[in-house]
Amino acid sequence: MKYCTKCRRMYNDSEHNCTECRKHYALETLEDQTTPVYLTSASGFELDRIQAALEDGGIPSSSKAQEKSLSADAVTGADKSNRDILVPFNALEEARDVCIGIGAIKPEGEEIKVEGQDVEDAVNFEIDESEVMSPAKRTAVKIISAILLIIIACLVIWGTDAITGWIKGLF
Ligand SMILES: [Zn+2]
């Protein structure tokens, strides 16, 4: 497993950069099992409720202001915006179960458990469109995008030349 040292979200080993952080921090391999990692985000009462439930379950947790919502209020503690709840990595599964138990987070792949026709709908809904695209189609899209980019670049260069020429012609 890998994790982002900034927002503490977990990633698979195949990932290299955090997709949550604005600067796309490089991920580090998680070695220390007690490293605090991201569980969920909450604010106000919900935050207190989750932390109380975790405490009841004997799971140490901490919370930190989200990077995006850093403000003077966040520093003074008057901030009521979302905070990230962190728990030790080795207690992450347990902490998730606690949160699911109190309805704070939805179990992963919940929709897929539904029997019958709904299953297909749920599965189709879950699949990202980029994954549906065949490799050939994806390559075609990439090539077309590249060509369009070149055309736009050419237009900009020609346009600038034309305007420069026109301005020179004025004097
Ligand atoms: Zn991050």
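Guide: Two strands pair if DSSP finds at least two bridges between them. Strands (E, at least two residues) and helices (H or I, at least four) are DSSP runs, numbered from the N terminus. This is a predicted model: local features need pLDDT of at least 70, side-chain atom pairs count only at pLDDT 80 or more, and totals for chains, interfaces and linings use all residues. Residues are numbered from 1 along each chain as its sequence is written.

Visitor: What pattern does the protein chain follow along the sequence?

Guide: The pattern is β-β-β-β-α-β-α-β-α-α-α-α. That gives 6 helices and 6 strands.

Visitor: How do you know that β5 and β6 pair?

Guide: Count the bridges. Strand β5 (residues 62–65) has 4 with β6, in the antiparallel sense. The criterion asks for at least two, so the two strands pair. One point to check is A65, which stands opposite R83 in β6.

Visitor: What does β4 do with β6?

Guide: Strand β4 (residues 36–42) also pairs with β6 in the antiparallel sense, over 6 bridges. Here A42 has R83 as its bridge partner in β6.

Visitor: Why is β6 called mostly covered?

Guide: A residue is buried if 20 or more other C-beta atoms, placed from the backbone, lie within 10 Å of its own; exposed if 12 or fewer; partly exposed in between. In strand β6 (residues 83–88), 5 of the 6 residues are buried. Over the protein chain, buried residues make up 14% of 171.

Visitor: How is the β2-β1-β3 sheet arranged?

Guide: That sheet is open, has 3 strands and pairs antiparallel. Its edge strands are β2 (10–11) and β3 (27–29), each pairing on one side only. Strand β1 (residues 2–4) meets β2 over 2 bridges. Y3 has M10 as its bridge partner in β2.

Visitor: Is R8 buried or exposed?

Guide: Buried. R8 has 21 other C-beta atoms within 10 Å, and the cut-off is 20 or more, so the term applies. R8 lies in the loop between β1 and β2. Its phi is positive, about 70°, although R8 is not a glycine. Most residues other than glycine have a negative phi.

Visitor: And N12: buried or exposed?

Guide: Exposed. The count is 8 within 10 Å, against a limit of 12 or fewer, so N12 qualifies. N12 sits in the loop between β2 and β3. Its C-alpha is 9.8 Å from that of L27, 15 residues apart in sequence.

Visitor: Why is α6 called hardly covered?

Guide: Its count of buried residues is 0 among 36.
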